[in-house]
Structure formats: structure tokens, C-alpha cells
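I have one structure to go through this morning. Please have the sequence and the model open while I talk.

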Amino acid sequence: MSPISNQVKTTIDKLAALNLTSYPVDEAISLINEIGKFGGVSVTLHKEHRLTRARPNGRGEIFRCRDSLSFKPSKYNTTFQRASTPNMTMFYGVLIPENANPNEVRDPRVTCTFESLPWIRDKSKKGLQKITYSIWEVIEDIHLIAIVQNRDFSSKMLYLNELYEAFNSFIKNYPEELESTLYVTDFFAKEFSKDVKEHHCNYILSALFTELVVKMGFDGVLYPSMRLSGDGINVAITPKAADRCLKLTTVTEGLIYKHFEHTTIDNLTLNNQIVDESCFDVFKETEHHAGVKSCLESIGVGTIDDLY
């Protein structure tokens, strides 16, 4: 087993030392391109895999077409996100693997909600929020690079642990590159798992890494949900792959009730027979609609006014 390449170590250390608040995008790109060859985990989402997305509704806002529930249009994509740059918008979704353990998060709406609504994660907040969930079926293979080298996260889910172990078994077959690969992948795994609470510039390195992955010919990345401390799986897919490989099958509307640390989501309406993705209007009340009284009781409050 060879030691870490001096070039790799120097390059990664320079990336780690960048002052991201100065937006050193060109320098970061140059350094990432200097890294050279390293190993990674490739994952393919096959037909019938399902992804779930969430989009919060503004006051009086409804979503009745595919475009309003898919990736952010390029003209509105002006910031860095965990796996997207201002130059490359992405389709974000949540994957629930088929081999999930019974004690793992089985409802993808939980991960979606925590990812899309920062105030949900704040135990000092309360309120009501309408939200729309969409389910997308894979109709053509999607090829991703998995970011699973953060052991603190990969140990949380069976699927992530299997990917982590597969990666380590694979890289041991290339002892001359093992240490350098681990140095690179560990660094970017930490970038993908950063708790970014302040400015979007802190996403620069993970976003640029995703850009590199896409340039290599992959459709995007798969990575653990930082918002659930690894107990959830996110994917970020290019618009081209999303348009080609995903079919919108179901849209549900819900209402979030939150009273500090207690939260519940009520199911409102459902459309699971979408024929025309460009325009769908037929929604029906779901069979699992709990109602205001039940939801308020579940979070320990008496009236809607307690949430304002």
C-alpha cells in the first residue's frame, strides 16, 4: 500500500484552506482538476425505483404541472446548493432503498420536509405550512456517484453501509491508490455532510465536485441526508437525466402543524392517476386525512391560534 501522493495531499489541503466567503470558484475548480485519478462508488437507479420531492406552497399557491414540481429553472438558480452551482441546476429527490431496515426512516416525506423547510428543524419555531409532495418513477437507468465515505453517516442505514463496505472492498484491490483515494473521498464526504446554516458559499466545494462528476458522464450524485444525520438518502440529478428518466406519477398536498419540537403532517389531497404531466387538476381528498382536531391533539395544543 503506497502512501498518500504528495500532490493529492497538497491539493486537498489547499482546498480545505480556501476562504469560501471570498467565492474562490476559479481557484477551487483549478484545484479539483489537479486531484487526478481516484476511486469512487457508482450506483445505478433502475426502472421502478421511486424518488420523492417536496415543495412548500406559498400563500394561495397550487402546483398543477410537472415543471412546477421538478428542478428549479436555470434563471432562478442563482446560488450554490449542496450539489448544484449557479451554472448547473439539479433535480433533488429522496430515495428509500428496497432493503431498508424496519427501524429506518421509511417515509421519504420526512427527509424531504427536513431538507426543504429550515424552520422545521428549529425547535423554537411553530406554525402551519402547506406542502406538496411529488413521487417520480424511474423509467430509464440513472447513473450516479455515491458519496458514502463519511462513516458517521454510512453506519445509520443498511443501504449506505453496504455501499461503504463495497467501496472499501473495491479500493483495496488498488493498493497503490488506496490512501490517496481515501484522502480525497473522505474530504468530499465531509463537504457533503456539512451543516450549512449560514451563507450558501459554504456549499461551493460539494457543488463543484458534483459538477465534475457530471462532466465525467454521470447523471449526478447520491449522498446521505445531513438534515437527518445520515438517516435518509438524497439524490441530485441533472435536468437532462430527470426529463429523460423520470415520470411524475403521484402528487399529494399536505399541511404541516408545528408547535416547537412537536410536528405532524396531515394528508389533504391526492392525484395518483396523472396522465398529462403538463396539466393535472383532478385531486381528491385522501383516505388518510386526519383533520384539524386530531392534528392539534397530536402536537399537544388546543387551537390553531396556538400555532401563531
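Ala28 is found in helix H2, where helices are DSSP runs of H or I of at least four residues, and strands are runs of E of at least two, numbered from the N terminus. This is a predicted model, in which local features need pLDDT of at least 70 and side-chain atom pairs count only at pLDDT 80 or more, while totals for chains, interfaces and linings use all residues. Residues are numbered from 1 along each chain as its sequence is written, and side-chain values use heavy atoms, with hydrogens and water left out.

Is Ala28 buried or exposed? Ala28 has a relative accessible area of 0%, so Ala28 is buried; buried means under 20%, exposed over 50%, and partly exposed in between, with a 1.4 Å probe and protein chains only. Leaving aside neighbours within four places in sequence, Ala28 is in contact with Leu15, Leu18, Leu205 and Leu208, contact being heavy atoms within 4.5 Å. Ala28 and Leu18 are 10 residues apart in sequence, and their C-alpha atoms are 7.9 Å apart.

Now the helix pair. The axes of H2, residues 25–34, and H7, residues 204–215, come within 10 Å and cross at roughly 50 degrees. That makes H2 oblique to H7. Axes here are lines fitted to C-alpha atoms, for helices over the stretch in contact, with angles from 0 to 180 degrees between N-to-C directions. Under 35 degrees is roughly parallel, over 145 roughly antiparallel, 65 to 115 roughly perpendicular, and the rest oblique.

Which residues meet? From H2 there are Val25, Ala28, Ile29, Ile32 and Asn33, and from H7 Ile204, Leu205, Leu208, Phe209 and Leu212. By class, the contact has nine nonpolar residues, one polar and no charged.

Next, two buried residues with polar side chains contacting backbone oxygens. Thr185 lies in helix H6, residues 175–192, and counts as buried at 7% relative accessibility. A polar atom of the Thr185 side chain lies 3.4 Å from the backbone oxygen of Leu182. Beyond four places in sequence, Thr185 is in contact with Phe38, Gly39, Gln149 and Phe167.

Gln129 lies in strand E4, residues 126–138, and is buried, with a relative accessible area of 17%. The backbone oxygen of Asn57 is 2.9 Å from a polar atom of the Gln129 side chain. Outside four places in sequence, the contacts of Gln129 include Asn57, Trp119 and Gly254.

Notes. Nonpolar A, V, L, I, M, F, W, Y, C, P; charged D, E, K, R; others polar. Polar contact = N/O pair within 3.5 Å; in protein donor to acceptor, adjacent residues only side chain to side chain.
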